[in-house]
Amino acid sequence: MSYVGIHTQQVRNNFKSLLLLILFPCIILVIVYAFVAFMNMQEVPDGYGGTSFTFDAVQTGEAFVMALPWVVGIVGIWFMIAYFTNTSMVKRATGARPLERRENPRVYNIVENLTMTCGMPMPKINIIDDPQLNAFASGIDEKSYTVTVTTGICNLLDDDELAGVIGHELTHIRNRDTRLLIISIIFVGIMSTALSLAVRMLWNTFIYGGGSRRTNRDGKNSGMAVIAVILVAIVLAAIGYFFTLLTRFAISRKREYMADAGGAELCGNPLALASALRKISGNPGLGQVDREDVAQLFIVRPAFFKSEFTNMMSKLFSTHPSTESRIAYLEQF
């Protein structure tokens, strides 16, 4: 893999963040337009004794324009709230708490020495009381940048190995990887929620609606019409969710190799980081974390998510290369 400097990687990730900010609203608007178009389909005689459905572009356009402010407003507010509360969300999901120097001067000093080496501001340091092994970086700006480690990783790794891991996470911060990941998490979360709401509406219609027995004034079955509308909403939401998952491809797997290289450079010992990754891969994870979106922040994918299905899907959508390939890469230094 060719060498890419810190500044170049920052520029690339800033561009990817901007691209995601443009792409995601476009996906939302296309889905909304498709739903409005379906709702405005008109049933007309086909001339052969039957009926067909026609698409009225003018009527659809007018309805879309009326819905647009609501869609933009709801999604915009949702995104802003999630974007600026991501730090507390990650802390709640992982059970992280602030680490004071007097509690663990070893970790604090390692972070401080590495930040002085690369000339970056000191991030916050959090710790998770968990015997499993993991670490991650989070935050969107200098006020919220945080390096988090578990007690398990602190107890198992020696100073050189821990410096390599922390250097890896500091490189994510320097490269603006954390902000890019947060944007991805929010986007996927919005579409996932929309999909789950549509599925729940369909389920409630089947269980409580009794809609199949209702008819409108023309004698037509209105219950089936409601089910059809919800089914279309589910299909469109699923399509949107799929395409937001594809945005993870914008988060190149090379970012992990870049962070490994940066961590090895900061700690001055690539083999120490390789050794740390080998140890972490033996017991990765966080006991209370069951969210795939948060897990993508971790230095090693937790074993909890490694089912046969997710292993297959990870080849398509994972933002992490295999730990074995990362170790082999470090051992080539």
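Modeller: Let's start with a term: a cavity is a set of points on a 1 Å grid over the protein atoms alone where a 1.4 Å probe fits but cannot get out, and its volume is the space filled by probe spheres on those points, joined across faces, edges and corners. This is a predicted model, with local features needing pLDDT of at least 70 and side-chain atom pairs 80 or more, while totals for chains, interfaces and linings use all residues. Residues count from 1 along each chain, and side-chain values use heavy atoms, without hydrogens or water.

Colleague: How much space lies in the largest cavity?

Modeller: Searching the whole structure turns up one cavity of 30 Å³ or more. The space in the largest cavity comes to about 30 Å³.

Colleague: Which element gives the most to its lining?

Modeller: Lining residues (an atom within 4 Å of a point) include Thr 87, Val 90, Lys 91, Phe 136 and Thr 148. At least two come from each of α3 (86–94), β5 and β6, using DSSP runs numbered from the N terminus (helices H or I, at least four residues; strands E, at least two). With three residues, the top contributor is α3.

Methods:
1 Å grid on protein atoms, 1.4 Å probe; cavity = no way out; pocket = protein on both sides within 12 Å on 5 of 7 lines; lining within 4 Å.
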